[in-house]
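This report describes salt bridges, nonpolar cores and backbone features, in that order. The sequence and structure come before the discussion.

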Amino acid sequence: MPDVFTVLGDDHRKVLATLDALEAATTHASSKAELITQLVIDESRHEAIEELYFWPTVQERAELGDVLAQRAIDQEQMAKQMLDGLEGTSGVERDRLVQQFAAAAREHIAYEQDEVWTRLRPKLSAMEAEELGARLTEAKATAPTGPHPHTPPSPTVLRTAGPVAAAVDKVRDAIRGRG
């Protein structure tokens, strides 16, 4: 079973590859729209599982965990707001939002991997890192597929509101043929 750093690292690589494809895209608007939809789904799931399991672990275990987690959560809240408006835009406005999101996402990923992981990794045993990776993988299967910037990033709130948001997202996805 992959550990927490592998699970999150795989997510980061996928998001970065999607961003690279979007920024390099000279393709039809429909191709860009598909890439954006995939980005929104992947990022929404990723942020939800981090808020539910990863950031609480950082707060509890890492040196300066509260400070590290709060900075990351603030970054993720801004990202959710950008993602929330991204699927409904087109043309120049969409390209501007993609550039804005891409810069913020790259900064966040670098912060998480360089600052947060460096402080958390020595605090987790291999077994703990694998158990957290398993929880993240399991949670991703039922995580919301859309950003919910107005839902507080609290594990307590997410445990109750998250399944409802995910169910609404799945119905919306089915109606729209999304994802």
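In which helix do Glu-93 and Arg-96 lie, and how many residues apart are they? Both belong to helix 4, with a spacing of three residues, about one turn of the helix. Helices here are DSSP runs (H or I, at least four residues), just as strands are runs of E of at least two, and they are numbered from the N terminus.

The model is predicted: local features need pLDDT of at least 70 and side-chain atom pairs count only at pLDDT 80 or more, while totals for chains, interfaces and linings use all residues. Residues are numbered from 1 along each chain as its sequence is written, and side-chain values use heavy atoms, with hydrogens and water left out.

**Salt bridges**

Nine salt bridges are present in the structure, a salt bridge being a side-chain nitrogen of Lys or Arg within 4 Å of a carboxyl oxygen of Asp or Glu.

| Salt bridge | N to O distance |
|---|---|
| Asp-20 and Arg-106 | 2.6 Å |
| Arg-61 and Glu-128 | 3.2 Å |
| Glu-93 and Arg-96 | 2.7 Å |

The bridge between Asp-20 and Arg-106 ties together parts that are 86 residues apart in sequence, because Asp-20 lies in helix 1 (residues 4–24) and Arg-106 in helix 4 (residues 91–120). Relative accessible area is 43% for Asp-20 and 29% for Arg-106. Both values fall in the partly exposed class, which lies between buried (under 20% relative accessible area) and exposed (over 50%), computed with a 1.4 Å probe and protein chains only.

The side chains of Arg-61 and Glu-128 also meet in a salt bridge. Arg-61 is in helix 2 (residues 29–61) and Glu-128 in helix 5 (residues 126–140), so this pair ties together parts that are 67 residues apart in sequence. Arg-61 is partly exposed at 32%, and Glu-128 is likewise partly exposed at 29%.

Returning to the pair within helix 4, Glu-93 is partly exposed at 35% relative accessibility, as is Arg-96 at 41%. Elsewhere, salt bridges that share partners join Asp-20, Glu-23 and Arg-106 into one network.

**Nonpolar cores**

A nonpolar core is a set of buried Ala, Val, Leu, Ile, Met, Phe, Trp, Tyr and Cys residues joined through side-chain atoms within 4.5 Å. The largest one has 24 residues, and those with the most contacts inside it are Val-4, Phe-54, Trp-55, Val-58 and Val-116. Helices 1, 2, 3, 4 and 5 each give two or more residues to this core, and helix 2 supplies the largest share, five residues. Apart from it lies another core, of 15 residues, among them Ile-36, Leu-83, Ala-102 and Ala-105.

Within the largest core, Val-58 is one of the residues with the most contacts. Val-58 touches Gly-65, Leu-68, Ala-69, Val-116 and Leu-120, not counting residues up to four places away in sequence; contact means heavy atoms within 4.5 Å. In soluble globular proteins, nonpolar side chains tend to be buried together.

**Backbone features**

Leu-64 is found in the loop between helix 2 and helix 3. Although Leu-64 is not a glycine, its phi is positive, at about 60°. Most residues other than glycine have a negative phi.

Asp-84 is placed in helix 3 (residues 65–86) and is partly exposed at 45% relative accessibility. Asp-84 and Pro-147 are 63 residues apart in sequence, yet their C-alpha atoms are 5.7 Å apart in space.
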